[in-house]
Amino acid sequence: MANEKMVKAITSMDEDFAKWYTDIVAKAELMDYSSVKGCMIIRPYGYAIWENIQKTLDGMFKETGHENVCMPMFIPESLLQKEKDHVEGFAPEVAWVTHGGNEKLEERLCVRPTSETLFCDHYANIIQSYRDLPKLYNQWCSVVRWEKTTRPFLRSREFLWQEGHTIHATAEEAQAETVRMLETYARFAEEYLAIPVVKGVKTEKERFAGAADTYTIEALMHDGKALQSATSHYFGDGFARAFNIQFTDKDNKLAYPFQTSWGCTTRLIGAVIMTHGDNDGLVLPPAIAPIQTVLIPIAAHKEGVVEKANEVYERLCKVCRAKIDLSEQSPGWKFAEYEMKGVPLRVELGPKDIEKNQCVIVRRDNRQKYFVSLDDLESEIARLLVEVRDSMLEAARNRRDSMTYVAHDLDEMIKIADEKPGFIKAMWCGDRECEDALKEKAGVTSRCIPLEQEHIGDTCVCCGKKADKMLYWGKAY
RNA sequence: CCGGGUGUGGCGCAGUUUUGGUAGCGCGCUUGAAUGGGGUUCAAGAGGCCGCAGGUUCAACUCCUGUCACUCGGACCA
């Protein structure tokens, strides 16, 4: 059977999920390895996905009044040192520049792992009055973290991201901003990536270095592991105090402003792969798919097929990101190829279709086939692209829900964590010791304290003492 | 960082041990022909400092030492 090779090309996800993942990122031509460990080459098809993510998010940020800036990539060591928790959190994984040409630098420079310190240093210079606030800044850049274990898109030593940094006159305003951006990420994940997420707050243990509160959106991958997909931090005035950022308020008093930061990375691409992909490859949500519809002419050598295909292609281009494949490959080869690349819709057009003034449209997500009159082409494509996104989200949500369990005591927690991959909801007393113990005994970490709380018990899953917080737990990437 | 696995044309692998003797297969690629609604067929070609660096040897893909990368699991992190 001709299909044998295709099946072999991608390792089945049930057989070896990790290999399935790396097969996809390589074979769908999303990335390639470079000669530096943990630094990947994002290839055109992968980068186009990032560009689509970027375009949409950037629009959402700008709609809410944010401006893009560009900070340097180097941070002097003394600047990084200013906030104690922050430097302790990042120092173990920063890369240092020690020489300029052949000369040793007076002070070594760290390659930014994140830019809080740079923004703070800058804010200290430009903010004097309450009239200078708020500043709603964002930057698109790459950062470097010298990770020990690396995986394409999920954990690389250099990665692309977006980091928002805002500064406000009041704590309330900064807190509102933190939540607003969390909501923005959650909406983006669900509407554009078709990935259902749990919105919540991190425990103190999992909090960002230097933050007062860390909000997160947590998604569940196909293999039952959680993936932190974006974070939004409230800093209080901690950074402002450390960097001596002050402003004169309306009452002519000196005050410290309040800050936030929020970010998401190319890891989102990993989230898309591991949420929607299947054993035939990628399945891309239409909103970020570099190619939304691929047109495959059948029996292209026959009279009139190419002409008609080009005509249909022109029409497709007006309603979506379309591609026509006129290459010499067999139709079957092309079907498999674009399925592997996750193209949401495939349009087949052959002599029989032309005769009937129709085309065949096939969905990637569920393989459903539609025979569509060419008169309805544009409207059907538009309708199906929306439908694909909707059913992808629904399928992902159903799967996540079916992999979400409830544990009431430690034995139950250990049993579920051991046997059933997925999220585990359980009550928690708030003690760090219990959190550590659950990691130790059940191998799970706290994912978040969801904003939408459910009452599933009154006692801590670990120690049995009184508990009023319901948490999501799980194994995470 | 700790432990396991793997590095041989673009990709997937064989060859390595008891036998050290100058590299082979499949896919892909190029050319030609036929085919064309699920990875089509036939024919002819091109392509390899055997991860890198040392060492042993007349001779190393093969033995020894070191190193790098990828990968899986663990610890740490987006």
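Visitor: Which residue just after H11 takes a positive phi?

Guide: Gly342 does, with a phi of about 80°. Please keep in mind that this is a predicted model. Helix H11 itself covers residues 331-340.

Visitor: Which residues of helix H11 are buried?

Guide: Ala336, Tyr338, Glu339 and Met340 are buried in H11.

Visitor: How should I read a sheet, and what is the strand order in the one with 5 strands?

Guide: The general idea comes first. Strands of a sheet pair through backbone hydrogen bonds, either parallel or antiparallel. Here, an open sheet has the order E16-E15-E17-E18-E19, and its pairing is mixed. Strand E16 (322-324) and E19 are at the edges with a single partner strand each, so one side of each has no neighbour in the sheet. On average, neighbouring strands of this sheet are turned by 25° against each other, ignoring direction.

Visitor: Which strands in it run parallel?

Guide: E15 and E16 run parallel, joined by 3 bridges.

Visitor: In what sense do E17 and E18 pair?

Guide: Strand E17 (residues 345-349) pairs with strand E18 (residues 358-363) in the antiparallel sense, over 4 bridges. Glu348 has Val360 in E18 as its bridge partner. E18 also pairs with strand E19 (residues 369-373), again in the antiparallel sense, over 5 bridges. There, Val362 stands opposite Lys369 in E19.

Visitor: What do E18 and E19 form, and how many residues are between them?

Guide: They form a hairpin with 5 residues between the strands, and Arg367 in its turn has a positive phi of about 65°.

Visitor: Which strands does H10 lie across?

Guide: H10 lies across E15, E16, E17 and E18, and it runs at about 170° to E15. If you trace the chain between strand E15 (293-297) and helix H10 (305-319), you pass through a loop that holds His301.

Visitor: Is His301 buried or exposed?

Guide: His301 counts as exposed because it has 8 C-beta neighbours inside 10 Å; the cut-off for exposed is 12 or fewer. His301 and Glu328 are 27 residues apart in sequence, with 9.8 Å between their C-alpha atoms.

Visitor: And Glu355, buried or exposed?

Guide: Glu355 is exposed, with 8 other C-beta atoms within 10 Å. You will find Glu355 in helix H12 (residues 351-356). Its C-alpha atom is separated by 63 Å from that of Arg207, which is 148 residues away along the chain.

Visitor: What is the strand order in the open sheet of 3 strands?

Guide: The order is E4-E6-E5, with antiparallel pairing. Strand E4 (74-76) and strand E5 (95-100) are the edge strands, each pairing on one side only. Neighbouring strands here are turned by 45° against each other on average, direction ignored. E5 pairs with strand E6 (residues 103-111) over 5 bridges in the antiparallel sense, and Val97 has Leu109 as its bridge partner in E6.

Visitor: How do I read a core, and which residues have the most contacts inside the largest nonpolar core?

Guide: In soluble globular proteins, nonpolar side chains tend to be buried together. The largest nonpolar core in this model has 100 residues, and Leu295 and Ile424 have the most contacts inside it. Helix H13 (residues 377-402) gives the most to this core, with 7 residues. Another core, of 28 residues, lies apart from it and has Leu80, Leu133, Phe239 and Ala242 among its members.

Visitor: Which residues is Ile424 in contact with?

Guide: Leaving aside neighbours within four places in sequence, Ile424 is in contact with Tyr405, Ala407, Met413, Ile416, Ala417, Val444, Trp473 and Gly474.

Visitor: Stepping back, into which domains is chain A divided?

Guide: Chain A is divided into domain 1 (4-276), domain 2 (291-386) and domain 3 (404-474). The C-alpha centres of domain 2 and domain 3 are 49 Å apart.

Visitor: How many helices and strands does chain A have?

Guide: Chain A has 15 helices and 23 strands. Its radius of gyration is 25 Å, close to the 23 Å that the globule rule gives for 477 residues, so chain A is as compact as a globular protein of that length. Of those 477 residues, 43% count as buried.

Notes. Residues are numbered from 1 along each chain as its sequence is written. Chains are lettered from A and ligands numbered from 1 in the order in which they are written. This is a predicted model: local features need pLDDT of at least 70, side-chain atom pairs count only at pLDDT 80 or more; totals for chains, interfaces and linings use all residues. A nonpolar core is a set of buried Ala, Val, Leu, Ile, Met, Phe, Trp, Tyr and Cys residues joined through C-beta atoms within 7 Å. A residue is buried if 20 or more other C-beta atoms lie within 10 Å of its own, exposed if 12 or fewer, and partly exposed in between; C-beta atoms are placed from the backbone. Helices (H or I, at least four residues) and strands (E, at least two) are DSSP runs, numbered from the N terminus. Two residues are in contact if their C-beta atoms, placed from the backbone, lie within 7 Å. Domain bounds come from an automatic or database domain assignment. Two strands pair if DSSP finds at least two bridges between them. Axes are lines fitted to C-alpha atoms, for helices over the stretch in contact, and angles run from 0 to 180 degrees between N-to-C directions. The radius of gyration is taken over C-alpha atoms; the globule rule is 2.2 Å times the number of residues to the power 0.38.
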